[in-house]
Each structure stands twice: as C-alpha cells, then as structure tokens.
Amino acid sequence: MLSFLNLLLHDAFFASIPAVGFAMLFNVPKRYLIYCAIAAAIGHSSRTVLLHFSMPIEWATFIAAAIVGLITIQFAKRHLAPPLMYAVAAIIPMVPGTYAFNTVIALIQLTAQSQVSTELSAQVIVSGLKTVFILGALAVGLALPSLLYYRTRPII
C-alpha cells in the first residue's frame, strides 16, 4: 500500500512538471501556474489509479480528463478565468506519446521493407487506433463537463 501511494505521489509530481512548462508556453499568468500543476497531478494520478484497477487506458484517460474538466471549471469559477486556461496544460501529460511513437516507427519500418509484414501491419493498426482513441477520450472527456455545466436548457 505504501509503495502504491509512493507511486501516486511520484506520478503526480512528474505530471505537474510538463503541465507547468506548457502553461508557461501558453502564457498562463504566473499566479495560475500552480492550479495547472494541481489539475495535471490529480488527473494523471486518477488515471494511474484506474489503470491499477485494470481499467483500459482509453476509459481511464476519458475519466481522468473529465475529472480535470470538473476541477478546472471550479478553478475558473474561483478566479474568473476561462477553464481552458488550466485544462489544456493539465491534459498534456496524458497525451499518448509512446503509442504515437510506436505507430510512426512501425510505419517507417513497414515502408522500408520490400514485402508487407503482418506483424508490423498489426502493430501499426493497434498502436494507431490506441493513439486515436486516447486522444478522442482526452478531447471528449475534457469537453463533456463544460458542456453539461454551462448548459442552459435541460438535458431531457
């Protein structure tokens, strides 16, 4: 149990670093950088918890992005700022770089061969679809809380 808590603390810390870096790149005011770091730490740690309990990475990313969306709406209400100012930098650590890299490397290896390899083709398809679904989960998960919170008409 202590090692899992240690893993979550490391995960939260190392997810907040790129979030702050991208927030600085996006010209987020200095006083709001800590909120971007908090949202990234909570979002990435929640995804790690869900992955620990054997949830697929696509669904874990969707739920974590929705949590980030909810948190950033609360930050935005408190500071009278747009929620995307916090949210975009906070979801950057959850972008599927490894799967996208594996897709591109497999595509390059596939084009370098004279014959089509079924293993490389399968790797391109699996990694590419996983990348697309994770990116879609990030987009929909981040947008859904705002769409529901700022809705003026009833859902049904």
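The entries below go from the whole chain to single residues.

**Ground rules**

I am working with a predicted model, where local features need pLDDT of at least 70, side-chain atom pairs count only at pLDDT 80 or more, and totals for chains, interfaces and linings use all residues. Residues are numbered from 1 along each chain as its sequence is written, and side-chain values use heavy atoms, with hydrogens and water left out.

**The whole chain**

I looked up the secondary structure and found 6 helices and 0 strands. Helices (H or I, at least four residues) and strands (E, at least two) are DSSP runs, numbered from the N terminus. Read along the sequence, the pattern is α-α-α-α-α-α. The C-alpha trace spans about 60 × 45 × 35 Å along its principal axes.

Next I looked up burial: 42% of the 156 residues count as buried. Buried means under 20% relative accessible area, exposed over 50%, and partly exposed in between (1.4 Å probe, protein chains only). I also looked at contacts, meaning heavy atoms within 4.5 Å. Of the contacts with a separation of 6 or more, 69% are between residues 24 or more positions apart.

**What the record says**

The unreviewed UniProt entry carries the annotation "domain: Threonine/Serine exporter ThrE" over residues 12-147. I note that UniProt positions are given in the numbering used here, feature names are shortened, and annotations may be inferred rather than shown by experiment. In the model, residues 12-147 are 82% helix and 0% strand, with end C-alpha atoms 27 Å apart.

Residues 6-25 are 100% helix, with end C-alpha atoms 29 Å apart. Residues 88-112 are 80% helix, and their end C-alpha atoms lie 37 Å apart.

How far apart are the end C-alpha atoms of α2? They are 28 Å apart, which agrees with the 28 Å that its 20 residues should span at 1.5 Å a residue. The expected span is 1.5 Å times one less than the number of residues. I also found that 14 of the 20 residues of α2 are buried, so the helix is largely enclosed by the rest of the structure.

Arg47 sits in α2 (residues 33-52). Is Arg47 buried or exposed? Arg47 is buried and has no salt bridge; Asp11, the nearest side chain of opposite charge, is 6.9 Å away. For charge, Lys and Arg count as positive and Asp and Glu as negative, while His and the chain ends are not counted. A salt bridge needs a side-chain nitrogen of Lys or Arg within 4 Å of a carboxyl oxygen of Asp or Glu.

What Arg47 does have is a polar contact of 3.2 Å between its side chain and that of Thr61. A polar contact is a pair of N or O atoms within 3.5 Å; within protein, one must be able to donate a hydrogen and the other to accept it, and residues adjacent in sequence count only if both atoms are side-chain atoms. Beyond four places in sequence, Arg47 touches residues including Ile57, Ala64 and Pro93.

Ala65 lies in α3 (residues 57-79). Ala65 is buried, with a relative accessible area of 0%. Leaving aside neighbours within four places, Ala65 is in contact with Met94, Ala137, Leu138, Gly141 and Leu142. Among the buried residues of α6 are Ala137, Leu138, Gly141 and Leu142.

Helix α6 (residues 118-149) reaches 46 Å from its first C-alpha to its last, close to the 46 Å expected. Its buried residues pack against α3, α4 (83-91) and α5 (97-112).

How many salt bridges does the whole structure hold? My search found 1. The side chains of Glu58 and Lys130 meet in a salt bridge at 3.3 Å, N to O. Glu58 lies in α3 and Lys130 in α6, so the pair ties together parts that are 72 residues apart in sequence. Lys130 counts as partly exposed, at 23% relative accessibility.

**Loops with a positive phi**

Most residues other than glycine have a negative phi. Asn27, in the loop between α1 (2-25) and α2, has a positive phi of about 60 degrees. Asn27 is exposed, at 67% relative accessibility. Leu80, in the loop between α3 and α4, has a positive phi of about 50 degrees. Leu80 is exposed too, with a relative accessible area of 80%.
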